[in-house]
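I opened my notebook to jot down what I could look up here.

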Amino acid sequence: MSIHALYEMECRLFRRINQHFERRMLNAYFRMITNIGGAVLEIALVLFLLIFAHGPLHLTAIACAVSLITSHIIVQIFKRCFPRKRPYLILDGTNHPVNPIQDNSFPSGHSTAIFSVITPLILFHPSLSLILLPIGLSVAVSRIFLGLHYPSDVLSGILLGSVTGYLCFIKIVVPF
């Protein structure tokens with residue numbers, strides 16, 4: 001399969017998700033949930049855990065913090081090395097919010113951030129996956145729904161955040 005064919009397939013998937021932008025309930029949900037993957041809420045959650053958690057959960061909070069910082073640095077490097085315009089700037093008819101962000105699209109910082117934090121928490125207590133995975137996946141899909149990222153941006157963010165979270169958990173929590 002050629003690069004062009006993969007891009008066309010990605011654009012079709014993007015449009016299938018983005019076409020529902022005008023649905024009021026979905027729009028309200030995705031506009032709300034996307035903020036959970038944003039810097040302010042992610043940092044607040046990690047700080048809350050760092051301040052109030054004790055024992056192994058505190059070590060997990062440290063892993064979350066290191067993972068969030070590390071993955072953010074990697075995202076910024078990737079965005080500079082792989083400049084990719086956001087879909088709403090390229091694809092005609094894309095639905096998007098007023099005054100959308102305009103930096104590079106690849107990888108999705110929101111998807112990376114949420115998965116860099118939830119991965120150590122899920123590894124610490126696997127039953128949290130029942131709550132945290134749907135939240136993380138909703139944040140990721142919201143980025144496509146809002147016209148801000150291609151599916152590959154989001155998948156790359158999920159992978160980057162998950163790997164960073166896993167490695168930080170293994171290095172910080174498991175030895176203890």
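How many aromatic pairs does a search of the whole structure find? I noted 9 of them, keeping in mind that this is a predicted model.

**Entry: a tilted pair**

I looked up Tyr7 and Tyr150. Their ring centres sit 5.9 Å apart with the planes at 55 degrees, so I wrote the pair down as tilted; edge-to-face would need an angle over 60 degrees. Tyr7 belongs to helix H1, while Tyr150 is in the loop between H7 and H8, so this pair ties together parts 143 residues apart in sequence. Are these two buried or exposed? Tyr7 is partly exposed at 27% relative accessible area, whereas Tyr150 counts as buried at 1%.

**Entry: an edge-to-face pair**

Phe82 and Phe106 also pair up, with 5.9 Å centre to centre and 85 degrees between the planes, which I logged as edge-to-face. Phe82 is in the loop between H4 and helix H5 (87-90), and Phe106 is in the loop between H5 and H6, 24 residues apart. I found Phe82 partly exposed at 46% relative accessibility, but Phe106 buried at 18%. That 18% counts as buried because the cut-off is under 20%.

**Entry: a ring cluster**

I also found Phe21, Tyr29, Phe30 and Phe145 linked into a cluster by ring pairs.

**Entry: helix H7**

Phe145 sent me to helix H7, which covers residues 129-145. H7 has 17 residues and runs 23 Å from first C-alpha to last, close to the expected 24 Å. Its buried residues include Leu132, Gly136, Val139, Ile144 and Phe145. What covers the buried residues of H7? My list includes helix H1 (3-18), helix H2 (24-33), helix H6 (109-124) and helix H8 (151-172). Just after H7, I spotted Gly147 with a positive phi of about 80 degrees.

**Entry: the cores**

Then I checked the largest nonpolar core, which has 30 residues. Val46, Val117, Ile118 and Leu121 have the most contacts inside it. H1, H2, helix H3 (39-52), helix H4 (56-81), H6, H7 and H8 each supply at least two of its residues, and H6 gives the most, with 7. General reminder to myself: in soluble globular proteins, nonpolar side chains tend to be buried together.

I followed up on Ile118. Leaving aside neighbours within four places in sequence, Ile118 is in contact with Leu132, Leu133 and Gly136.

Notes
Residues numbered from 1 in each chain as written. Predicted model: local features only at pLDDT ≥ 70, side-chain atom pairs only at ≥ 80, totals over all residues. Heavy atoms only, no water. Helix = DSSP H or I, 4+ residues; strand = E, 2+ residues; numbered from the N terminus. Expected span 1.5 Å × (residues − 1). Buried < 20%, exposed > 50% of the residue type's maximum accessible area, 1.4 Å probe, protein only. Contact = heavy atoms within 4.5 Å. Core = buried A, V, L, I, M, F, W, Y, C linked by side-chain atoms within 4.5 Å. Phe/Tyr/Trp six-rings, centres within 6.5 Å; stacked < 30°, edge-to-face > 60°.
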